[in-house]
Amino acid sequence: MPLMGAANKAPRGSARPLAPTPPMGWNSWNSFATTITEAQAIETAQIMAAKLLPAGYDIFTIDIQWYEPGATSYQYSADPQPVLDGFGRLLPAPNRFPSSAGGKGFAPLAQRVHRLGLRFGVHLMRGIPRGAVEANLPILGTRHRARDIADRTSTCSWNPDMFGVDMRAPGAQAYYDSVFALLAAWGVDFVKMDDMSRPYDAHSLEIEAAHAAIAKTGRPILLSLSPGETPVIRADHVRRYAQMWRISDDFWDEWSMLEQQFVRLENWSGHAGPDSWPDADMLPLGRLALGARDTRLTADEQRTLMTLWSIARSPLIMGGDLRHLDDATLALLTNPEVVAVNQRSSSNRPHYLRDDVRIWSARADDGGHYIALFNTSGQARSITLDAAQLGFGRVTRARDLWARRDLAMSPMGIERRIASHGADLLRLW
């Protein structure tokens, strides 16, 4: 069934891209769950600016329930009591974000983040807060109220904070306009909007509403849709209304989850490009889960994760606690030759040549090709690379991007010994 409203939108490419390359940054969910405070945010942003910003990570994002005074963990309150303004819009909880008191919202924190050279992002749930509907608060600039636009049948299966918005109701677009106007006034640069991509068709009008509301602000706010799995068949629609979108449910530090991302990224490989970034989710590296543990991915699996996200050009959003950032994780995140694959490659595509071996290739913007080799089997194996089989013709030079050193060539091609669940990332000329 066609999606309503899509035919009336302006074509893509009519303005400068908001996200010409895959967004890079940090998000609080993997390490802080719902609990991050202003003091923790400032400390983290300062570390990010010092250690990750030089490599290109510039979007600092506060994830879910910044408006909930009593948020304590990965569990959501069954009786949410969010902080709201008089028009039903979410506000930061002052007990957690003291600078927001007096109606200032996130503006003071955003200013501090901006002064560090970073962009400021927030998480937003789809819909209108249930508290606003219960109080039947007015919608800014209209004669309508929250109950006029709330769709009580449209709820999130995993979070109780919101009702959906009935976009056919008068005042519905005005509500979304007011929400994004407030975010823009605070200085927000990036919005991760949740409960959007699944089920996609049921939420398509609210996706369009968020896009339209952002355009009305005049501020270049990037829109990221979550969670997945966004259906590939809706690629044209999602590329039109968002800059990035999740291709899976929440991704965590388990090999089985990482292995499943190969097929998803292969399926989305033809749809990545400026302002269009299929998102394999955050990087669960380093210290995670409210400090309870370090990542469960082995060193080889961590390299596979970064190699796959880079060659497939997924956004690179670090999720681990930067206050405990170790040298190995920092090196993994900031290798300039690997980040270049994510940021400055094209024609990225998978090849299907052998079982338990995944191969991707891409063009380097300044000449040559990138090749990613993955061993998804349970034991180490040797992989001989035949560049001609991949359509590259004669290759005279090769470089190991992880080791940052050139490789010896032989008449037989390039043979690499790759660990179980491991990866190589090469450049060929």
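At 3% relative accessibility, D281 counts as buried, where buried means under 20% relative accessible area, exposed over 50% and partly exposed in between (1.4 Å probe, protein chains only). The model is predicted, so that local features need pLDDT of at least 70 and side-chain atom pairs count only at pLDDT 80 or more, while totals for chains, interfaces and linings use all residues. Residues are numbered from 1 along each chain as its sequence is written, and side-chain values use heavy atoms, with hydrogens and water left out.

D281 meets R246 in a salt bridge, defined as a side-chain nitrogen of Lys or Arg within 4 Å of a carboxyl oxygen of Asp or Glu. This pair links distant parts of the chain, with R246 in strand β9 (residues 244-246) and D281 in the loop between β10 (277-279) and β11 (287-288); helices (H or I, at least four residues) and strands (E, at least two) are DSSP runs, numbered from the N terminus. R246 is likewise buried, with a relative accessible area of 1%.

The whole structure holds 26 salt bridges, among them the following.

| Pair | N to O distance |
|---|---|
| E229 and R264 | 3.0 Å |
| R246 and D281 | 3.5 Å |
| R397 and D406 | 3.7 Å |
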